[in-house]
Amino acid sequence: MQANSIIISNGRLFEPGHPLHKQVVSISIEKGLITSIDTKLNNSSAEVVIDANGSEIRAGMFDLRCQLKDPGLEHQEDLTSGTMAATAGGFTGIAVQPTTNPKAQTKSIIEYIIKRSDSFLPMVVPIGAATLDLASDEITEMYDMKQAGAKGFSNGDESYNSGGLMRVLMYASSIDTFVMSHAQDKYLADGEVNESETTIHTGLKQQPSLAETTQIHKELEIAKYAKCGIHFSHISCAESVNIIRRAKEDGIKVSCDVSIWHLIYTDDKVLDFDSNFKMTPPLRTETDRQALIAGVNDGTIDAVVSDHNPHNIENKLVEFDYASFGVTGFQTFYPIYNQLLIKDIDPETWYERTVVAPRALLGIEIPHLTVGSIADLWVADSNKEWVFNKKSNYSKSKNNPFWNHNMKGACAATVRGQKVEIFNA
């Protein structure tokens with residue numbers, strides 16, 4: 001809904017470096033702008049009044065990697081359901097992969113996504129296809145898509161071949177745009193699960209971490225030659241962290257993100273053949289998980305993403321070998337951090353990896369809780385207990401390991417400009 005005036009009272013402001021960081025405040029919003037932040041209770045009237053009840057008021061999170069499948073695969077997710085799920089997760093911005101049907105590889109589809117999502121609360125940022133149909137050597141009309149509003153380019157969950165990546169990076173360098181890579185050597189990555197002693201007895205095809213690390217090595221060399229930055233999406237293993245850490249120390253323009261799932265789970269989860277744990281890249285070992293957490297903490301890993309990838313039930317309720325890769329993630333993102341990661345990654349670092357860095361990578365303005373700024377925030381209730389089920393789920397899909405599980409931590413309200421949603425999960 002939309003409101004000309006909004007008051008959020010009795011909330012703890014959370015913004016590292018802010019003079020009122022962690023203090024209880026009331027925030028007034030008029031016509032989409034923050035007009036006052038007061039440490040005293042605001043008794044003024046407004047169209048919408050939200051009692052934060054001691055919960056944190058934070059700048060809205062930005063998801064650097066998700067899939068919404070619209071246009072063409074709306075039975076899995078569309079822009080309406082996907083943006084509502086993101087809003088319910090505390091995201092005020094999302095970067096959507098080009099994994100639509102047809103692929104987001106033309107100016108008209110980029111314009112469709114932007115126009116179609118304009119009325120929804122989160123900022124929807126299209127990531128255009130880098131090569132035709134995400135599979136060929138031929139690059140797309142990247143410049144036209146950038147002019148239409150694409151903030152970067154990717155091949156979704158498909159890896160680049162060397163020639164295609166060279167062309168993409170050379171052209172991307174000339175138009176100053178962002179390139180994302182799903183780093184997997186397709187000849188080494190022909191498997192459903194991680195290659196390890198844990199999974200060897202499952203009978204499932206295995207995928208070594210070498211499939212990822214060799215591709216990162218190769219693509220870094222191509223990026224250096226092309227004099228263009230490169231971003232590695234959802235890295236999954238310790239050696240990838242080490243390679244990227246060394247590359248950053250050497251001054252190479254490289255960045256990366258990790259999915260929240262690889263920060264909490266390991267490959268033992270596939271032993272029950274639950275297809276909700278079939279992800280790309282696959283879940284790795286505990287050594288890898290700890291290295292990924294360390295990478296988040298020391299800044300080697302720039303962003304943490306939901307990797308939201310919805311699928312209809314027919315794609316998941318089959319034998320593990322035949323199930324699609326992917327898991328939803330918007331609404332479980334914050335409660336996962338609140339329940340399982342807060343002891344490993346402090347809230348200030350989490351704020352940097354989910355609010356600041358994702359936007360900085362795409363050149364998008366970073367929101368601040370200051371007078372005169374556009375309202376871009378959410379209320380994070382760390383004590384709220386709820387069940388993730390059909391009643392509380394806003395996505396069209398339910399391929400998530402926490403389905404029908406008790407959760408702790410929820411988004412109580414989200415605001416961007418004059419748009420506001422209040423949730424009672």
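Predicted model: local features only at pLDDT ≥ 70, side-chain atom pairs only at ≥ 80, totals over all residues.
**Entry 1: the enclosed space**

I began with the class make-up of the lining of the largest cavity, and counted 3 nonpolar, 6 polar and 2 charged residues there. The cavity itself has a volume of about 70 Å³. Its lining includes Gln67, Asp157, Ser259, Trp261 and His262. Met279, Thr280, Asp307, Asn309, Gly326 and Val327 are also among the residues that line the largest cavity. I then asked how many cavities of 30 Å³ or more the structure holds. I found 4.

**Entry 2: the largest pocket**

Next I turned to the open spaces. The largest pocket has a volume of about 640 Å³, and 35 residues line it. Which of them lie nearest its centre? I noted Asp157, Glu158, Ser159, His182 and Gln184. Helix 4 (162–175) and helix 5 (210–226) are the elements that give two or more residues to this lining. By class I wrote down 7 nonpolar, 19 polar and 9 charged residues for the largest pocket.

Two or more lining residues come from each of helix 4, strand 10 (178–181), strand 13 (230–232), strand 14 (254–259) and helix 11 (347–362). The class count here is 9 nonpolar, 6 polar and 5 charged residues.

**Entry 3: Thr199**

Then I picked out a single residue. Thr199 sits in the loop between strand 11 (193–194) and strand 12 (206–207). Is Thr199 buried or exposed? I have Thr199 down as buried, because its relative accessibility is 0%, and the cut-off for buried is under 20%. Leaving out residues up to four places away in sequence, Thr199 touches Val193, Asn194, Gln206, Asp267 and Val270.

**Entry 4: the nonpolar cores**

Last, I checked the nonpolar cores. The largest has 88 residues, and Phe232, Leu263 and Leu341 have the most contacts inside it. I followed up Leu341: setting aside residues up to four places away in sequence, Leu341 touches Ile260, Leu263, Ile264, Ile293, Ile336 and Trp350.

Methods. Residues numbered from 1 in each chain as written. Heavy atoms only, no water. 1 Å grid on protein atoms, 1.4 Å probe; cavity = no way out; pocket = protein on both sides within 12 Å on 5 of 7 lines; lining within 4 Å. Points joined across faces, edges and corners; volume = space filled by probe spheres on them. Nonpolar A, V, L, I, M, F, W, Y, C, P; charged D, E, K, R; others polar. Helix = DSSP H or I, 4+ residues; strand = E, 2+ residues; numbered from the N terminus. Buried < 20%, exposed > 50% of the residue type's maximum accessible area, 1.4 Å probe, protein only. Contact = heavy atoms within 4.5 Å. Core = buried A, V, L, I, M, F, W, Y, C linked by side-chain atoms within 4.5 Å.
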